[in-house]
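Some notes follow on the model you sent, in numbered points.

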Amino acid sequence: MYLKSLELSGFKSFAKKASLEFKTPITAIVGPNGSGKSNIAESFRFVLGEQSIKSMRGKRTEDLIWNGSKTSPRSNRAHVKLTFDNTARGNVSESGRLFAIDFDEVVLERVIHRDATSEYRLNDSVVRLKDTIELLSGAHIGASGHHIISQGEADRILSVNTRERKAMIEDALGLKIYHYKKDESERKLEKTQENLDKVESIRRELKPHLAFLHKQVAKVEKARELALDLKQAYRDYFAREKAYLDATLKRITYELDPLEKRMLELQKDITHAREELQKLSQKDVTSDALLSSEEKMRSIREKKDLAVREVGRIEGEISALRTLLAKEERKQTEEAHKTVPFTSVSSMTTSLGRLIDSALSQGDPAEFKAALSAIKTLVSEFMNTVRGETARDNDIAEVRENISSLEHDKKKREGEIATLDAEEKKYAEEYKKIQHTIESDIHSGREMERRIFTLSNEQQEVRMHIQVLTSEKSTLKLEEEEYKRELLEAGALVGVEAVRFDDLSRALAESGVVEERSEQHERKRQIERTKVRLEDAGSGGGDDIMKEFEEVSQRDAFLEKEVADLEQSAESLHALITDLEETLAREFAEGVKKINVQFSEFFSLMFNGGNASLEIVREVRKIKRDTDIEDIEDDDGTEDGAEGEEKVFEGVEIHVALPRKKIHGLEMLSGGERALTSIALIFAMSQVNPPPFIILDETDAALDEANSKRYGDMIENLSKKTQLILITHNRETMSRAGVLYGITMGADAISQLLSVSFDEAVHVAK
Ligand code: ATP
């Protein structure tokens with residue numbers, strides 16, 4: 001026994017808390033009409049999660065809540081609590097428990113409020129309706145269906161169409177779980193398909209953009225490759241360029257330094273030489289000395305000439321006087337000659353003239369005087385001679401005296417001449433010396449000029465050399481500026497790595513290879529070419545593109561995987577659905593077979609013979625597109641439009657053969673016969689897959705006494721497998737129950753519950 005108790009409060013006519021305990025296999029609920037018996041059956045549906053208010057005879061949720069009476073105010077909530085024993089072992093579920101949860105007792109609760117909010121609880125925890133339904137379906141019970149047969153409902157299994165009947169039988173066979181799973185799988189499949197469509201559509205939308213990005217990325221990659229090449233080329237180029245610049249500067253400096261030093265030296269030397277030359281040219285003073293020296297010599301020579309002439313004159317006088325003396329002396333001896341020969345006169349005038357000349361040329365007054373005195377003497381001597389001497393002795397002495405005086409003069413003059421000679425000799429030497437100096441100066445000047453010429457020549461040469469080097473230097477400077485500009489450009493174009501080449505410089509320095517400048521120029525050209533190509537490929541950045549491509553392709557890959565996953569899950573859902581359908585069909589067929597065995601047994605028991613069976617039927621119907629299968633309620637709803645789609649429906653047909661009667665169609669059965677048939681079928685269904693409990697609300701209403709007895713027997717039989725709750729007015733049925741609950745309704749319109757004895761029950765039921 002699985003059912004333990006039911007507790008109601010505020011549910012429909014049960015304003016106050018009422019509880020029922022189900023301690024026996026069969027519990028009967030009895031009471032007069034309208035006392036609230038059916039409300040009990042509905043409280044079961046309610047607590048098991050029934051969503052259809054209609055099936056609980058209400059229009060709105062509120063209709064399920066105690067609505068109040070003259071004496072009792074209405075409730076705000078309806079609460080039903082159903083307790084199961086979950087410890088029992090049996091064939092209900094594989095685990096031996098009723099519910100697949102690890103509790104010995106399972107308490108289900110449902111509360112509704114007037115604002116239509118609903119709350120489900122499982123062992124005091126709030127749960128979702130879905131959880132309740134799943135739990136219950138595992139235990140082969142549910143809110144509606146085969147195990148709760150409401151008043152007048154027994155007949156339903158006969159009156160519904162074949163398709164609905166099939167559903168009811170499936171439910172009874174416990175196959176609803178497959179339907180539930182199938183529906184869920186189909187929903188999932190639909191959702192999966194929707195997602196698949198969505199994802200594929202996104203992928204389609206993404207595709208051109210991805211293709212575009214792909215192209216862009218190829219471009220960016222190409223550009224990056226070129227940039228890398230360029231970077232490398234730049235490093236190589238710069239390292240070599242720097243080496244070239246350094247080496248060239250070093251060489252120029254090395255060559256230029258001594259030249260500049262030499263140039264300074266030369267300049268100094270030339271200046272010095274020029275100064276020397278200048279000095280030489282200023283030595284004209286020497287030639288002046290030469291001239292003065294010459295002048296001096298000339299003057300001495302003149303003096304000497306004069307002295308010589310004086311000596312000559314004196315000698316002449318002396319000679320004349322000596323002649324006179326000799327004549328006087330002869331006169332003395334010969335006595336007289338009075339004629340004066342012309343020669344004497346001529347001689348005397350010649351001498352006189354000479355004396356006068358000498359006197360005239362004399363500057364010195366003393367000498368002038370002496371000359372004059374000599375003239376007087378000459379003249380007086382001549383006169384003495386001419387007159388004929390008288391006092392010859394005196395004259396001779398005088399002549400002799402004159403001669404001596406003249407000889408004295410002569411000596412004096414000769415002394416003067418000697419002095420002048422010495423002077424002349426001195427000046428002549430001095431002159432010679434000056435002359436020599438001049439000659440040597442001239443020679444030095446020439447030497448100096450020659451030197452200046454040589455130095456200037458060298459200077460010219462050195463200057464030219466320096467000019468060449470200076471021009472080389474300024475060319476180098478331009479090259480260096482260009483190199484610096486290129487460094488900046490390279491850094492800006494391909495990043496700072498392009499200008500980091502110390503390692504290459506080192507390697508280059510170590511290798512010591514010297515190359516042609518043209519090779520470097522070729523490198524430069526190659527760099528320019530790469531730059532152009534890089535520009536074409538779109539230099540600069542690309543990070544955004546790369547990032548976007550990365551993101552988009554990741555997204556695409558993700559979507560691709562998503563598609564694969566979705567396809568995979570769609571496939572497995574398809575497989576699952578097929579599997580479920582197969583299982584369902586197989587188990588259904590097997591179940592129907594088993595039901596048929598029981599059905600014919602119950603049927604022949606009820607009718608004392610006869611035969612009844614179920615048959616699975618297939619019918620092909622044409623349905624309009626967009627018509628939901630659920631919309632086709634019965635045969636009248638058939639859509640037979642020509643454009644309809646054909647669909648196969650399965651259903652279950654009931655065949656009956658009453659004993660002794662030629663009745664085969666259900667329509668031809670009497671009310672009682674219908675009731676018996678449906679009870680036989682319901683019992684047969686319950687036998688095959690017994691639910692933990694069955695509620696039968698006045699299923700026995702239409703039975704006569706004999707049939708009531710048979711019904712009672714069947715119930716007893718059924719109660720061995722399933723707990724039964726019977727709402728009945730039937731005395732026979734009551735007699736089979738272990739516990740009887742009587743329900744009464746007083747003036748307050750509240751249903752009241754009490755345990756009653758059989759006799760009381762019989763009484764209450766009336
Ligand atoms: P019968 O033997 O004739 O089938 P019953 O014992 O099954 O009768 P129910 O149909 O269970 O009786 O009870 C119906 C009674 O419950 C009615 O009197 C109805 O007024 C009362 N009832 C139903 N809903 C409410 C409600 N929300 N509040 C108060 N009373 C209600």
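1. In this predicted model, a polar backbone atom of Ser38 lies 2.9 Å from an oxygen atom of the ligand. A polar backbone atom of Gly34 is 2.5 Å from a ligand oxygen atom. Lys37 contributes through its side chain, with a polar atom 2.8 Å from an oxygen atom of the ligand.

2. How much of the ligand does the protein bury? On its own the ligand exposes 650 Å², and 74% of that is buried by the protein.

3. The ligand is surrounded by 18 residues. Asn33, Gly34, Lys37, Arg57 and Ile65 are the closest of these. Sorted by class, the shell holds 10 polar, five charged and three nonpolar residues.

4. The sheet is open and has six strands, in the order S2-S1-S4-S5-S6-S7, with antiparallel pairing. Its edges are strand S2 (18-21) and strand S7 (125-127), each of which pairs on one side only. On average, neighbouring strands are turned by 20° against each other, direction ignored.

5. Within the sheet, strand S4 (residues 77-85) pairs with strand S5 (residues 105-113) in the antiparallel sense, over nine bridges. Which residue of S5 stands opposite His79? The residue there is Val111.

6. Helix H1 (residues 37-47) packs on this sheet and touches strand S1 (3-9) as well as S2, S4 and S5. The direction of H1 makes about 80° with that of S4.

Key. Residues are numbered from 1 along each chain as its sequence is written. This is a predicted model: local features need pLDDT of at least 70, side-chain atom pairs count only at pLDDT 80 or more; totals for chains, interfaces and linings use all residues. Side-chain values use heavy atoms; hydrogens and water are left out. Two strands pair if DSSP finds at least two bridges between them. Helices (H or I, at least four residues) and strands (E, at least two) are DSSP runs, numbered from the N terminus. Axes are lines fitted to C-alpha atoms, for helices over the stretch in contact, and angles run from 0 to 180 degrees between N-to-C directions. Contact means heavy atoms within 4.5 Å. A residue is near a molecule or strand if one of its heavy atoms lies within 4 Å of it. A polar contact is a pair of N or O atoms within 3.5 Å; within protein, one must be able to donate a hydrogen and the other to accept it, and residues adjacent in sequence count only if both atoms are side-chain atoms. Accessible areas come from the Shrake-Rupley method with a 1.4 Å probe; for residues, only the protein chains shown count as cover. Ala, Val, Leu, Ile, Met, Phe, Trp, Tyr, Cys and Pro count as nonpolar, Asp, Glu, Lys and Arg as charged, and the others, Gly among them, as polar.
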